[in-house]
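Some questions about the terms used for a structure are collected here. Each answer sets a value against the rule behind the term.

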Amino acid sequence: MRITCPLCGDRDRREFTYYGAADYLNRPGMGAPAEAWDAYLHLRDNPAGATRDLWYHEMGCAAWLVVNRDTVSHAVLSVRLVTDAQAEGGAA
Amino acid sequence: MASLIDKSPCEDLLPIITPGAQLTEAQPGPVTSVAPFKGRQAATARALAADGLGWPEVGRAVVAPAGRCLWAGRGVAFVTGLVPQGLEDLAALTDQSDGWAVLRLEGAQAAAVLARLCPLDLRAAVFAPGHVARAPLGHMMAILHRTGAEAFEIWVFRSMAGTAVHELAVAMQALAARG
């Protein structure tokens, strides 16, 4: 599996560290109800198909990335910097 | 104050010379990591311009007579050769002078040696002189700066100096043995 870092280019996935679902970018606000925190911490989709993860380019540029990949075909569909993704409106 | 002996990271380890490649230690001088605060990158670039430097593009270096500014990751650059002035309010600065071992690998076989340890496309058409990359060297985090057609500077954490020299020496000797 190869991940194309927006800064470093096409690299082996062993240069990267997996963190978890991209849901971690959608942190509830301070006054959010307990249900929102429960969903944020514990509820995850388990899709057969496109899924969105957070990866860290540990052996490279030290950027956090949102990786959109297919859990069935293992294809990496898109890779963006978290900062870019957030600048364009939330974690979408 | 005790009288301490100043030793370079690769003291007693280098140089290593094989047919087609030589590995020596570089002395880049002071090293300062510069990480501009949010929205201050342009101002940081202007301040660096006073020293003849600038903010490097991703994967590039700015080389001036007085020193260099190497891209070193997302939002970080290393200024070496001089201590940048006037950046205190613009960027997070860290003195890393004693944190890195800097090796210089030169020769007709330099790229072939490095290719044994580093999974980058090192052909000059892709990784050209002046280019910089953060990439693994074996299992070590490294910064590579191609300083010439047959010359690379390899930065590794100072604590990894012995391992880096050993791994590069093995690659140099193995390549030389192929003749």
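Q: What share of the contacts in chain B with a separation of 6 or more is accounted for by residues 24 or more positions apart?
A: The share is 62%, where a contact means heavy atoms within 4.5 Å. In chain A, 44% of the contacts between residues at least 6 apart in sequence join residues at least 24 apart. This is a predicted model, in which local features need pLDDT of at least 70 and side-chain atom pairs count only at pLDDT 80 or more, while totals for chains, interfaces and linings use all residues. Residues are numbered from 1 along each chain as its sequence is written, chains are lettered from A and ligands numbered from 1 in the order in which they are written, and side-chain values use heavy atoms, with hydrogens and water left out.

Q: Why is chain B called as compact as a globular protein of its length?
A: The radius of gyration, taken over C-alpha atoms, is compared with a globule rule of 2.2 Å times the number of residues to the power 0.38. For 179 residues that rule gives 16 Å, and chain B has 17 Å, which is close, so chain B is as compact as a globular protein of that length. Its C-alpha trace spans about 55 × 50 × 30 Å along the principal axes.

Q: What makes up the secondary structure of each chain?
A: Chain B has three helices and eleven strands, and chain A has two helices and six strands. Both kinds of element are DSSP runs numbered from the N terminus: helices are H or I with at least four residues, strands are E with at least two. The order in chain A, from the N terminus on, is β-β-β-α-β-β-β-α.

Q: Why is Cys69(B) called buried?
A: Buried means under 20% relative accessible area, exposed means over 50%, and partly exposed lies in between (1.4 Å probe, protein chains only). Cys69(B) has 0%, so it is buried. Cys118(B), with 3%, is buried as well. Buried residues make up 47% of the 179 residues in chain B and 35% of the 92 residues in chain A.

Q: What makes Tyr18(A) and Trp55(A) an aromatic pair, and of which kind?
A: Rings of Phe, Tyr and Trp (its six-membered ring) pair if their centres lie within 6.5 Å; planes under 30 degrees apart count as stacked, over 60 as edge-to-face and the rest as tilted. Tyr18(A) and Trp55(A) are 5.3 Å apart, centre to centre, with 75° between the planes, an edge-to-face pair. Tyr18(A) lies in strand 3 and Trp55(A) in strand 4 of chain A, so the pair ties together parts 37 residues apart in sequence. Tyr18(A) is partly exposed at 43%, whereas Trp55(A) is buried at 8%.

Q: How do you know that the charged end of Arg44(A) sits over the ring of Tyr24(A)?
A: The rule asks for NZ of Lys or CZ of Arg within 6 Å of the ring centre and within 35 degrees of the ring normal. The charged end of Arg44(A) is 4.7 Å from the centre of the Tyr24(A) ring and counts as sitting over it.
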